[in-house]
Amino acid sequence: MQRPCACQAVAILTNVNGAPHRLVAFPILSIFLIRNEFHGLLLSWIEAEVTRPRVLFVCLGNICRSPLAEAALRAEADRVGLDIEVDSAGTGDWHVGEPPDSRAIAQARRHGIDISGYRGRQVRKADFDDFTHVLALDHDNLAALEDLVPPGRENRLSLLLDHVEGCEGQPVADPYFGDADGFERTWSQVTAAARALVSELAR
Ligand code: 4NP
């Protein structure tokens, strides 16, 4: 049977004994039940916050690969209704505060996603406290993150394509100095990774 909510319970109990009792019972029961219900809600909120996956993608400039990975994971998590926090950053600082590369914006737009409002930022040590998963897009960025990770947080760090069956050990190649085909390839790699991550995180 479904538990009555605080207001329903107060209405049921105060109806038993007539009006004079109701005057006393109503405020006392209200405070008690509302407090209990609030306590329950607070506990479930804390539990959801603690267990919620928080994923950070890291590439070099934070304007091509990692924003696309961020967009792909957001879209996949939305599709399956997974509650998740997603962000991206770069190991370099050249593009801090800038929007993604116009070719990355166009690539996401071809798939119905607007990433023009994203802004570049540089990864920092505290990200290893704030995120449950820090995913490097290639080996150079993985090495840079290995130099940054605080002791005890190493298990939060991995190479992105290690999460995709059959692609373990592979980098997401940097499309920055190439043509539009490179962005198409990046998109297919990060969407495969997003699908794999969602099924891994939903377990
Ligand atoms: P990303 O690509 O790491 O995928 O964002 C790059 C963006 C900028 C530069 C290199 C790679 N850059 O040299 O400025």
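Contacts between residues 24 or more positions apart make up 68% of the contacts in the chain that have a separation of 6 or more. The model in which these contacts were computed is a predicted one. Of the 203 residues in the chain, 32% are classed as buried. The secondary structure comprises seven helices and four strands, and the order of these elements, read from the N terminus, is α-α-β-α-β-α-α-β-α-β-α.

Two helix pairs, both involving helix 4, were examined in detail. Packed helices are described in general by the angle between their axes and by the distance between the axes. For helix 3, which spans residues 65-80, and helix 4, which spans residues 102-110, the angle is about 20° and the axes lie 10 Å apart. Because angles under 35 degrees count as roughly parallel, helix 3 and helix 4 are assigned to that class. The crossing of helix 3 past helix 4 is right-handed. On the side of helix 3, the contact involves Pro-67, Leu-68 and Ala-71, and these residues meet Ala-104, Gln-107 and Ala-108 of helix 4. By class, the residues of this contact between helix 3 and helix 4 comprise five nonpolar and one polar, with no charged residue.

The second pair consists of helix 4 and helix 7, the latter formed by residues 180-202. Here the packing angle is about 55°, and the distance between the axes of helix 4 and helix 7 is 10 Å. Helix 4 and helix 7 are therefore oblique to each other, and helix 4 passes helix 7 in a right-handed crossing. Helix 4 contributes Arg-103, Ala-104 and Gln-107 to the contact, whereas helix 7 contributes Ala-180, Phe-183, Glu-184 and Trp-187. Four nonpolar residues, one polar residue and two charged residues make up the contact of helix 4 with helix 7.

The residues around the ligand include the run Cys-59, Leu-60, Gly-61, Asn-62, Ile-63, Cys-64 and Arg-65. Trp-94, Asp-174 and Tyr-176 complete the shell. Classified by side chain, the shell around the ligand contains six nonpolar, two polar and two charged residues. Arg-65, one of the residues around the ligand, also lies within the span of helix 3, residues 65-80.

How values were computed:
Residues numbered from 1 in each chain as written. Predicted model: local features only at pLDDT ≥ 70, side-chain atom pairs only at ≥ 80, totals over all residues. Buried ≥ 20, exposed ≤ 12 C-beta atoms within 10 Å, placed from the backbone. Contact = placed C-beta atoms within 7 Å. Axes fitted to C-alpha atoms, helices over the stretch in contact; angles between N-to-C directions. Parallel < 35°, antiparallel > 145°, perpendicular 65-115°, else oblique. Left-handed = near helix turned anticlockwise from the far one by under 90°. Nonpolar A, V, L, I, M, F, W, Y, C, P; charged D, E, K, R; others polar. Near = placed C-beta within 6 Å.
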